[in-house]
Amino acid sequence: MSDKAHMHDEVIRASWQRCQSFGLDPKHSPEIVTLHGGQWQEAEERSSDLILTTQEQVLPYYENILVNSNSLVLLADKEGNLLSRWGRAGFVNQMENHLFDKGTSWRECYNGTNAIGTALQTGESVVVGRDEHYLVANRYMTASAAPIYNSERHLVGVLNISSDAYLPTSHVNGMVKVMTQAVENQLIMATYKSHNNMLIFNTSSDNLASQWAGLLVFNDDGDIIAANRRADLLVGQSLRGLSVEMVTGISQLQLSAHPEGHPLTFVGLSHYRLFGTIRRPAGNRIFSSVSSKSQKRIEPPIAEHQRQLHHLDLGDPSMQKAIRQALSVVNSDIPLVLQGETGVGKEVFAQAVHASSERASKKMVAVNCAAIPAELVESELFGYVKGAFTGANNKGSIGYFRQADGGTLLLDEIGDMPLHVQARLLRVLQEKVVTPLGSTESYPVDFRVICATHQSLREAVAEKRFREDLYYRVNGLTVFLPSLRERQDILPLVEVLLHQLSNGIPIYLEDDVVAAFRLHPWPGNIRQLINVLRVSLAISGKERIGITDLPDDFFLDLNQPDKEVVVDTEILVEASTWQDTLPALFAQTDGNISRIASISGVSRNTVYKRLKQLGLK
């Protein structure tokens with residue numbers, strides 16, 4: 001049993017246990033508890049924005065759900081009370097009378113295990129099959145539901161699709177998630193669209209219009225004041241409270257001045273390149289132009305899509321070997337696997353392979369297999385025709401594989417691709433044709449495939465998580481990218497990154513910063529280095545970075561002791577000032593900055609400054 005199936009079984013089992021604790025009898029009918037009069041009016045008024053947003057701004061885009069199947073879309077408030085319903089009601093007559101009336105509660109304590117009540121209980125999306133309903137009277141239908149959160153991340157309701165048809169639950173659950181995200185997006189936009197800039201971003205420039213795109217809102221100070229859950233997922237952490245510059249690597253001023261509707265790209269805190277567009281506030285305020293200081297450039301940085309493999313050669317022997325290997329097959333159909341720790345720059349390397357090849361004039365499509373919802377992986381990759389499944393876009397979709405025709409396809413984190421999708425991918429690579437979901441027509445495709453992974457695919461094959469036949473199909477040549485701590489070119493790399501981050505303005509590092517960079521283990525690799533440089537540039541506010549400009553968390557991994565350091569406590573007793581104690585502590589701890597800071601009760605920055613004053617650094 002897969003982990004996902006096991007988790008689902010645990011959710012259903014826990015719900016049945018709750019139902020037993022409520023004293024429910026599976027053979028009894030649901031208890032119909034309905035709001036009336038003033039209570040109902042108050043609940044409806046409280047959720048009026050939610051009802052209006054769902055009905056007028058979201059459902060019209062998914063009307064084929066209601067047309068193509070005998071199903072109902074249900075909307076409930078945060079208490080589980082039914083607010084509204086849309087669609088065919090053919091199977092409602094089989095259910096308990098009034099169960100689908102407005103104001104009726106779908107909480108588990110009244111209605112047993114059901115998608116709405118269980119989603120409210122868990123705070124997560126849930127699928128409840130026919131026989132998984134606790135009450136026998138409810139086993140006429142299958143249902144998928146997901147909670148809805150507002151711009152403050154407060155639970156405001158639940159969206160549900162119920163049907164008596166044997167619909168593919170994976171697609172229905174995927175559509176519920178997408179519709180829920182669409183509602184949340186509209187709630188965020190309604191709150192902030194008049195006065196704040198928004199950044200909409202996704203894994204491809206072709207899916208920015210998707211409801212499954214990331215959305216964040218930032219104010220004039222560059223602080224992120226709201227973000228949808230998809231944005232958090234794409235970047236890999238909660239974004240609220242961070243600065244937009246920290247997340248994207250682009251200053252608030254530049255983002256605010258970026259032409260609306262024009263695409264932009266960034267990496268920032270994410271694991272891979274993202275594509276975005278700016279949406280200006282409805283008031284469309286005027287922003288000041290970039291200062292003359294930032295116009296002082298020596299040479300514009302090379303655009304990401306133009307960097308070729310030779311641009312990545314900064315003198316490190318391991319990188320030079322990787323570049324030589326890639327160049328040897330750059331114009332062949334031999335598939336590449338790029339293996340390395342998270343953050344070493346696998347997508348940058350893949351883009352350089354593409355830019356160095358005869359396919360450079362065509363498109364490179366990067367797909368992060370771990371970032372696409374499991375229910376939608378197949379349709380996103382292979383595409384689908386109109387009406388292929390419940391919730392399919394009326395225009396269909398050609399999918400990522402056909403988008404990459406003639407160019408290069410990067411399958412990032414391919415080790416996380418579901419097994420059933422791996423089987424279809426193998427056929428595409430063997431036959432060079434793609435058959436969209438719901439279609440009998442196949443389309444020829446010609447693309448160079450590059451796979452990237454932070455894990456060993458050999459081990460994944462041994463553990464039955466990755467198909468052996470697919471492994472030998474994609475593993476023409478494995479190129480190992482070194483971690484940053486193993487590289488001998490960190491200073492030339494820092495120079496290149498600073499040149500890009502400062503838009504060509506020369507930035508100087510003080511000697512103690514250079515020394516700290518050389519000593520640092522860089523567990524987050526190049527991504528961590530980029531973030532450190534961004535923050536340091538913001539803190540310094542000038543063209544020179546000193547040790548005090550480095551972020552505090554930079555020092556957490558620096559000088560971590562391999563063994564316990566014993567300090568002569570008499571030093572602390574006999575000495576009266578830090579000028580007396582610091583030299584002895586520095587000697588006894590072998591210069592371990594973290595240990596000195598802990599003993600002295602001061603920050604690492606303070607230790608560095610004092611050591612510099614004493615000439616010890």
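**Exercise 1.** In which sense do strand 11 and strand 16 pair, and over how many bridges?

*Solution.* This is a predicted model, in which local features need pLDDT of at least 70, side-chain atom pairs count only at pLDDT 80 or more, and totals for chains, interfaces and linings use all residues. Residues are numbered from 1 along each chain as its sequence is written, and side-chain values use heavy atoms, with hydrogens and water left out. Strands (E, at least two residues) and helices (H or I, at least four) are DSSP runs numbered from the N terminus, and two strands pair if DSSP finds at least two bridges between them. Strand 11 (residues 336-339) pairs with strand 16 in the parallel sense over four bridges, and Leu338 has Ala452 of strand 16 as its bridge partner. Strand 13 (residues 408-412) is also joined to strand 16 in the parallel sense, over five bridges, with Leu411 opposite Cys451.

**Exercise 2.** Determine how the residues of strand 16 are placed.

*Solution.* Six of the six residues in strand 16 (residues 448-453) are buried, that is, under 20% relative accessible area with a 1.4 Å probe and protein chains only. Arg448, Ile450 and Ala452 point one way, while Val449, Cys451 and Thr453 point the other way.

**Exercise 3.** Describe the crossing of helix 18 and helix 20.

*Solution.* The axes, lines fitted to C-alpha atoms over the stretch in contact, with angles from 0 to 180 degrees between N-to-C directions, come within 10 Å and cross at roughly 55° for helix 18 (residues 490-501) and helix 20 (residues 525-540). Helix 18 is therefore oblique to helix 20, since angles under 35 degrees count as roughly parallel, over 145 as roughly antiparallel, 65 to 115 as roughly perpendicular and the rest as oblique.

How values were computed
Buried means under 20% relative accessible area, exposed over 50%, partly exposed in between (1.4 Å probe, protein chains only).
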